[in-house]
Structures are given as structure tokens and as C-alpha cells.
Amino acid sequence: MNREALRRPRGCRRLVLPVILAAVWSPLACAEDVQKSSGAAGPVFSDSGPDAELYGAAAGYPVGTRGTATQLDKLVGVYTHFGEIYPSRPVVRATTPWQFKRAPEPQIAYSFGTEQLTIADYLKRNPVTGLLIARDDTILYEHYQYARTDRDRFLSQSMAKTLVGMLVGVAVSEGRIKSIDDPVSTYVSGLAGTEYGNTSIRALLNMSSGVAFSEVYDGQDDIARLGRALFVDEPRDPAAVVAQFNTRTAPAGTKWHYASVETEILGLVLRAATGTPVADYLHDRIWNAIGTEADASWAIDGTGQEIAFCCFNATLRDYARFARLLAHDGSWEGRQLIPRQWLLDATTVRPDDSHLAPRVATPFFGYGYQVWLLPGEQRRFALLGIRGQVILVDPASKLVMVHTAVRQKPSEPGALREPLALWSAVLQQLGQ
């Protein structure tokens, strides 16, 4: 298949879709329109990718059902149709889309172990569904694999946690949350008298509640119990669901421990404090203002509450718009959408919080307000989700990299080493 064929997006051919899908997809932009309006190189598409047959290429990357959502040959389909498989609240695209500029693709080479590789090699070696690199307002690289296109909405997994962390900052600036040192029970009465109810919002933002919660992705851990309660079981008050995790093992604010339930509680705080569904609050405060080009969605539980720790769905370029907002410390075209000081606080470790520092919280990353902090003198940070969902941000150069993937296991030791090696090369070669 030649390069020009790869540039012809699947989404711009004639598609036979069920009525419900056609209604959902019809507002999304066509890549050919983007290319014509920009006058420069556009996105590149491939019907294949590493181990494509294992991922269901012969069957057209089937979506499957909720019961088959974790099967390997369904992952590509599920990770771009999650918002249709599970009940979700729409986040409508911007009234006035903001357009990226485009530049010819740069040659990017990186070192990994003893190998010298190109970005093309990276795509051949990794199950990437979409990879976009932008510097400020200009897209430098945008490639898709496994027959995915710029019309597809990619599942965030835990990258959604950073959306929640930023919305808490907005709610604080509006006085809806009076202080992040308030205990959770100030806003969520259903958690009064529980360990999480007695924990400060700040400790939840930093994943430092001290409350026991296991998250090892073996199907028997606490995150599996939480997921079943929210996605599968009969609808229950989400406050009652999270209240079952009620054993404190360390004083709050003293030890970092990754626990998705803490973001779920932050979602409950946001809903109670703002009186608005989290997805709607995101739309009104951020999504519309950054000129998103496509509708997004956020999965909800049986009561209509957003599942805050995961499961936001958006196009690659709209993720890049959000990343650009973060790179500008919450400012968009001269308008401060997220308080700048909040962004700085969210991505900087306070002197008294050494347990959150890079190479202390984890062997590599540190942790801020629902965002991962990279080691080094420069302030750089990441949004991460299982199976290879990554957004990397460098405020100094305004470089961002959006990376969606379908790794075979939810969490693999060392899985981030190669994406970070590519990111390091991007910074060195394009960061001037």
C-alpha cells in the first residue's frame, strides 16, 4: 500500500453503519477536509499494525460485547467504541472548532537499549493505535494503525484522572470547593464517618489517603471489585460502593499509593460541589473553550455518575488540544481556563511532600494532582492509562505527544521504557 493510499482515511469512504452509530459519528470531521484546509501534510493511516491478526484484522477488528471486551481480538474495536458499548454521557464538541496548523513530518530517531531506531520502527514494534506529536499550535506527526482514523474516539483509561484533577482546580477557583484541605465528607455526606470521608481532598489528589486499596489487575483485586460494582452489578449509590474500602493503613498525606477509587471519590466531590455532572462541567469549563472538533463521551454508572477514574473517549487531536492547554499552564489563546497556580501546584512536589517525588513515589515517576511527574530539572509530566495510553507534556517547549495503544496486558513491567525513549528523542530533536 503506497503512502498516498495510507493518507486516504477510512472514515471518508462510504460507510455502512447502524443508524445509532451513524448518528453518533456524523458530526466528526473528515481528515481530507483537514488536509485541504491546512495545505500541509495530513494524518497517515494504516490498516495493519504489529500482530494485527491477533488483534482481529481478518474480522475487521470486531468490537464485541461487554462480555468479550477484554479479549485480545476485540481490544482494537473496544478501545475505539467504548462509549457505545457502555452507557456514557456525551461531551459535545466546541461551538467553534480551533484548528491546528501542520508542518511536514520531521525525521525522528531514538535509541533504545543498543538499538538505533526510527519513529517508523517504533510503530512496527508497538501496538499503537494512534500517535500524534505537536509543538504548540502545529501538528508535526499524526499516524494511525489497525484501520483506526482521526474520526475514532480512543479510550483514555486512567488518563481521565488528570481531567478530574484539573476540574477540581477549576471548582476551587470558583469557590465551589472552599479548600482542598477540607475533608471529603464536607461535600459527600454519604461518606461521613468513613476513612475516606475523613480524608482531605488534597490527599486524594495526591493518591496519599493511607486507605488500603489493591490495584494489580489480576481480576480479584479491589479495582476489579470496584469496576464490577460500577459497570456490571445492579445500580448502587457510588458513595456506598466506595465506602466498602474502609481500612486505614497509614496516616493521610504520608505515603503514596496508586488507588483508582480515590479519583472516583473526587468525581463525587465535583458532582456534589458543582451540582453538575462531571462531563457537563468539563464541557462548560474546558472542552468547548479549547475548540474541540469532535464529540467525546464519559462512561457513567447505573446512577448516571461519571466513572471518574477512567473511560473518557476522545479523538487524538482533541486529546492534543487538552495537552496543549496543559503545556500552556491552563491558558488557551489568552484565556485562563485552569488557574495557572493550580497547574504549577499540580505538577510540582512541595518540600513537605517528599514521598511524592520522582524516583520516590515510584522507581521513576513522581505524582502530583492526578498527574505523573517525570524526573529531571525541567518540569515535565504525563497522563497514563493501562495498555499504553500516554500523553506527555513539556511546558518549556510546548511539545506534547499523544499515544494510544492496545497492549496485550493491562500493566507490563518496563512497558513505558520505549515510549519514554521516543519522547526523550522528540525533546532533544524538536524542543528548540
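## Aromatic rings in a predicted model

Both W98 and F100 are buried (buried means under 20% relative accessible area, exposed over 50%, partly exposed in between, with a 1.4 Å probe and protein chains only). This is a predicted model, where local features need pLDDT of at least 70 and side-chain atom pairs count only at pLDDT 80 or more, while totals for chains, interfaces and linings use all residues. Residues are numbered from 1 along each chain as its sequence is written, and side-chain values use heavy atoms, with hydrogens and water left out.

A search of the whole structure turns up 22 aromatic pairs. Rings of Phe, Tyr and Trp (its six-membered ring) pair if their centres lie within 6.5 Å; planes under 30 degrees apart count as stacked, over 60 as edge-to-face and the rest as tilted. Here are two of the pairs:

| Pair | Centre to centre | Angle between planes | Type |
|---|---|---|---|
| W98 and F100 | 4.8 Å | 75° | edge-to-face |
| F213 and F245 | 4.9 Å | 75° | edge-to-face |

F213 sits in the loop between α8 (201-205) and α9 (222-232), and F245 in the loop between α10 (238-243) and α11 (260-274), so this pair ties together parts 32 residues apart in sequence. Helices here are DSSP runs (H or I, at least four residues), as are strands (E, at least two), numbered from the N terminus. F213 counts as buried at 3% relative accessibility, and F245 counts as buried at 3% relative accessibility.

Elsewhere, W256, Y258, F364, F365, Y367 and W372 make up one aromatic cluster.
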